[in-house]
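Here is a friendly note to read alongside the model. Take the points in order and look for each place as you go.

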Amino acid sequence: MTASTIAPLGTDARSPRLPAPRGPLSEAVVTAFARAPLGEASSPMITAAREAGRRASIDAFGEDLQLTLYLCYELHYQGFSGVDPAWEWDPELLRLRGSMERHFLRALRERTPGGSDVGAAVDGLLTEPVDAFGVSHHLRDGGELWQMREYAAHRSIYHLKEADPQAWVIPRLRGRAKAALVAVEFDEYGGGRAEAMHSRLFADMLEELDLDPRYGRYLDLVPARMLAIVNMMSLFGLHRALRGAMVGHFASVEITSAPGSARLARALERLGASPRATRFYTEHIEADAVHEQVLRRDVIGALLEREPELAADVVLGIQATDLLEDRLGDHLLRCWQAGRSSLLRPLPALPRS
Ligand SMILES: [Fe+2]
Ligand SMILES: [Fe+2]
């Protein structure tokens, strides 16, 4: 029996399809999602998964935990086709999510240097080392079309929901920090024009690259290293206690975006992509040069004036973003240098023209 044959009322067939499980935790959640919450022994299944997860010392960055966390968070965004929206507030599922979040957050803290010097952390982002070489450099200088398409498939997991995770922090801020952050979000959502929403521009790019622009379409192909980046955003956004980390993360994205976007626009041009394909990145070159200033001066500045005790969390947001982006970048370059796909399965081949 498939999830869709027993879909309760109120589910949305336009939402993405549930992905295939990647281990015992995601198996339990995907199976439970086929039922109504609290019914037909669905919650004991989640409880058993939580206990098994605790015993088995699951890898905080591994495929099973990251996919399960993504499944839990997605209920707060677009949900899944055939899954009862009431799962969003199921107490057992929230308990499972809480235990995975604590594990993930602990791992992020353990693997970042820490500290509370926000100025130094921001300065570190502002100056790119001259010998820096990452995915955007590779794609600009010699990356192939299949690699650009893979990169877009990875990023679709976030950019098709840009900048929803950051919007969670709005009610947790006050005064100047809130007003400035909303001004940046207004641009991310197209300044009131649906066709200019950054998520729409990304979908346009996917189409131009002969990829599927539907939300969540590539979830089954995207490895934990990409899921962890989006999960970190949801974790920081959904916990008021982590509002400083969300602001640090958002600042980090905006500060590093303009030069990276310029390289990716060049990469697309070199590969012969259309202006409709490059628009997502060309928009970000200018927009993020402004957003960077607003985030630094008005959002971080005003937040720390009001709540200086959040400095260490702002640093955590910056460092955790750096850590997870580096892990993804290393993976992409390693796979491509070996001539193999960086996705869990390669994308379908392009139709011959
Ligand atoms: Fe954007
Ligand atoms: Fe931006």
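**Notes on the iron site, a helix and a loop**

1. Let us start with the metal. Along the chain, the donors of the iron ion (ligand 1) follow the spacing E-x25-E-x9-H-x85-H; donors are N, O and S atoms within 2.8 Å of the metal (3.2 Å for Na, K and Ca), and water is not among the atoms, so sites may look incomplete. The residues are Glu162 (OE), Glu188 (OE), His198 (ND1) and His284 (NE2), which coordinate the iron ion (ligand 1) at 1.8 to 2.1 Å.

2. A word on what you are looking at. This is a predicted model, in which local features need pLDDT of at least 70 and side-chain atom pairs count only at pLDDT 80 or more, while totals for chains, interfaces and linings use all residues. Residues are numbered from 1 along each chain as its sequence is written, chains are lettered from A and ligands numbered from 1 in the order in which they are written, and side-chain values use heavy atoms, with hydrogens and water left out.

3. What is the geometry of the site of the iron ion (ligand 1)? The site is irregular, with angles of 83 to 166° among its four donor atoms. Four donors count as tetrahedral if all angles lie between 85 and 135 degrees; four count as square planar and six as octahedral if opposite donors are over 155 degrees apart and all others between 65 and 115; anything else is irregular.

4. Glu188 coordinates both the iron ion (ligand 1) and the iron ion (ligand 2), which are 3.9 Å apart.

5. Now turn to helix α5 (residues 118-126), where Val118, Ala121, Val122 and Leu125 are buried. They lie on the same side of α5 because they cover an arc of only 95° around the axis, taken from the directions from the helix axis to the C-beta atoms. Helices (H or I, at least four residues) and strands (E, at least two) are DSSP runs, numbered from the N terminus. Among the elements covering these buried residues are α12 (243-270), α13 (275-306) and α14 (311-337).

6. Finally, visit Thr112, in the loop between α4 (91-110) and α5. Thr112 is buried, with a relative accessible area of 10%. Leaving aside neighbours within four places in sequence, Thr112 is in contact (heavy atoms within 4.5 Å) with Leu316, Gln319, Ala320 and Leu323.

Methods:
Buried < 20%, exposed > 50% of the residue type's maximum accessible area, 1.4 Å probe, protein only.
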